[in-house]
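Opening the notebook on this one.

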Amino acid sequence: MPLDIIIGTQWGDEGKGRIVDLLAAKADAVARYSGGDNAGHTVTVAEKIFKLHLIPSGIVHPHTQAFIGNGVVINPSTLLSEIDQLRQAGIEVHPKRLFVSYAAHLITAGHLALDRAQEAARGASKIGTTLRGIGPAYTDKVARQGLRMELMNDEKRFAEALREHFQRVNQTLQKLFDAEPLSIEPLLEEYLGYARSLKPYIADVSALLSDALSKGKRVLAEGAQGTLLDLDHGTYPFVTSSNPTAPGALLGLGLGAACVDRVIGVTKAFQTRVGAGPFPTEVFDQTAQHLRGSGANPWDEFGTTTGRPRRVGWLDLVLLRYAIRVNGISELALTKLDILSGLEELKLCIAYQANGKRYEVPPFGPTQLESFQPLYKSMPAWKENIRSCRHWEDLPANARSYIQQIEKLCQVRISRVSVGPERGDVIEID
Ligand code: IMP
């Protein structure tokens, strides 16, 4: 059964939206399976730029159905404003096209307040969250006191559950953080209003997708964040609170492993990260300015969700090998290769070193990285603008060697390379 999973191999922001867009053109359905509106996918279609945080970005293709799975946490206000944004751009969004799992959990104003209070209380050891209430919403889910979408089908039960939830949040805010409590009555009105608007979209996503797959329809699971932000497999505790890795797609959509066809990893040609946490190949000099950009272009390295400048560095093949392993990646898409044009020299981190020993993958996952020194292979760069390249042969020889080195050192096939910001700026490699 043809389920393709797209997953970022780094700390998010790999340019997955672009690869999703390409593959969604051939898919019947696109689905989000983890995270919430902490994600940000930018897709450019006919000079219109869409910044979507929650709705799968594949929805911009008129023939695809869009699904939000049980593994996602949903801020109803964001969902409704994205529905509006898409409709205003002439994209059809209605309950026969967008399906939201009854088992997905809600993010409320209470979770937002808790995220802010927790981050402030962490002081110097703060995680640098997106402040979208993600951690507190997943905490409630695991504590079995969360609010699921299905509650919206029963106004009375929803009102009761909301009241209990906001009372609990207020106790925590006041007793633990000495913070102002929330005003519950207006919030009840607000959330009951969201329920009336969103009720028609609530569906059994697992059943609908299983049925579609058994009929041979092609489904694309659209990963958010990235492998190194995975709660279990990332740079813990500097991670998000869900499982963006490929197995999270099955859990977050309610599907079995047998339906997976391809796991496509998306890797930026260099490394970026927002928020705190280890980053062995980080750079701070002129190279950093070149990689990050000034912020004047939509593709410069500033957060889609938060606007924060991203930390940048050289591509880390140690972490890439690890990502290939924990996701079971079958092929890679390399993005933003054009950004490397014009640098004097390129560096690839090919291994780590500590105490005189060499490591090809991190020995205990990617958490204790501070004691490792990156070992670099230096490579010549290229001066040419590569944005108009459409075939492998069009690329400068040094760009081809860079790609081949990654394939060789990670034992993986690179099937696509993006070379510019426009939808069509991609080289497909046979
Ligand atoms: P949270 O997901 O808001 O709790 O944030 C936890 C960590 O994940 C922080 O370092 C965030 O910057 C990072 N993060 C969450 N979502 C994304 C994303 O979509 N791209 C990049 N970083 C993210």
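Predicted model: local features only at pLDDT ≥ 70, side-chain atom pairs only at ≥ 80, totals over all residues.

**Ligand site**

I started at Arg308: an N or O atom in its side chain is 3.1 Å from an oxygen atom of the ligand. I count that as a polar contact, a pair of N or O atoms within 3.5 Å; within protein, one must be able to donate a hydrogen and the other to accept it, and residues adjacent in sequence count only if both atoms are side-chain atoms. Asp13 has a polar side-chain atom 3.2 Å from a nitrogen atom of the ligand, and for Gln225 I also read 3.2 Å from a polar side-chain atom to a ligand nitrogen. The protein buries 97% of the 470 Å² that the ligand exposes when taken alone (Shrake-Rupley method, 1.4 Å probe).

Numbering runs from 1 along each chain as its sequence is written, and side-chain values use heavy atoms, with hydrogens and water left out.

I then listed the shell (a heavy atom within 4 Å of the ligand): 16 residues, with Asp13, Asn38, Thr130, Thr240 and Arg308 the closest. By class I get 7 nonpolar, 7 polar and 2 charged (Ala, Val, Leu, Ile, Met, Phe, Trp, Tyr, Cys and Pro are nonpolar; Asp, Glu, Lys and Arg charged; the others, Gly among them, polar).

**Domains**

Where does the ligand lie relative to the domains? It lies between domain 1 (3–90 + 205–428) and domain 2 (105–200), because both give residues to its shell. These bounds come from an automatic or database domain assignment. I find the two C-alpha centres 29 Å apart. Their contact (heavy atoms within 4.5 Å) takes 27 residues from domain 1 and 21 residues from domain 2.
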